[in-house]
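Hello,

Here is the structure for you to look over. My notes follow below it.

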Amino acid sequence: MQTKNALRLAAVIFSLITAASDAFAQECPPAAPVAVYVHFEHKQNPVEKNITSRQLTDEIRTADIKAGGDDNIFATEAHWMVGGLNRSQIKTSYSMPFLRRDNKTSGTTCFMPREFHYNIVYENTIFIAEDFKLMGCRYSATMAHEKRHEKTDLKMLEGYALDARKALEKAVSGMRPTGPFPAHQMEEEYAKLAKKIAETLPPIYARMTQIRRQKQADIDSYDNYMRDTALCPEQFPRFDEAGE
């Protein structure tokens, strides 16, 4: 009799646990794979030609000082008399569409991410000194130089986009619903989860930035400068090692 009673009690407990699990499942959206989308956009502004080479040089050297001197993306170029500049900025953002299920009786809510979108926008403007307008060879060589900077950035960012997608896919793999929790905490819980997923990206971005800095410095190397000036004899200023 004791054995039968024990089995009957176990069955009742199991039924209660199953009922609780079913109630939880009904309160939350079903778990499902989270799709990851990484969007890369290049916003290219018109070429600016209404600034002098002296103004461009001063801008680069000011940017170099603000960025910390030798270990930054402007450091090498700051030593030259600058006739061109590729001014760029990188902006990133993310969003996370989700399904939500509210329990009005308990005042709780639960949500399950369905997608994670990561946006990378590269915007740049190429400046060519206005004193180069009537110097065909010098203008063309300078434009080609700035286009190398632009192309290098685009290649680095396209590679970063692929690495970011892989990291995000790993971060959302096997994700389960979040909740239930009090409904008024929805915005906080959403932001917390989205931030946690996005926090997988900064180390990858930092590594890309380090490589990008070196590749941009290589473009502004002494050897490359000499090759550019050789294309247009007597049209380029000398290399200024002191940066003055």
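Along the sequence, the protein chain reads α-β-α-β-β-β-β-α-β-α-α-α. That makes six helices and six strands; these are DSSP runs (helices H or I, at least four residues; strands E, at least two), numbered from the N terminus.

The model is predicted: local features need pLDDT of at least 70, side-chain atom pairs count only at pLDDT 80 or more, and totals for chains, interfaces and linings use all residues. Residues are numbered from 1 along each chain as its sequence is written, and side-chain values use heavy atoms, with hydrogens and water left out.

The sheet: three strands form an open sheet in the order S1-S5-S2, with mixed pairing. Pairing needs at least two DSSP bridges between two strands. S1 (35-44) and S2 (84-95) are the edge strands. S2 and S5 (residues 115-128) pair in the antiparallel sense over twelve bridges. Ser95 has His117 in S5 as its bridge partner.

Helix H4 covers residues 186-198. Its buried residues are Met186, Glu189, Leu193, Ala194, Ile197 and Ala198. They sit on the same side of H4, because they cover an arc of only 165° around the axis. That arc is taken from the directions from the helix axis to the C-beta atoms. On the other side of H4, Glu187 and Lys196 are exposed. Buried means under 20% relative accessible area, exposed over 50%, partly exposed in between (1.4 Å probe, protein chains only).

For the whole protein chain, 36% of the 244 residues count as buried.

Best wishes

Key. The expected span of a helix is 1.5 Å times one less than its number of residues.
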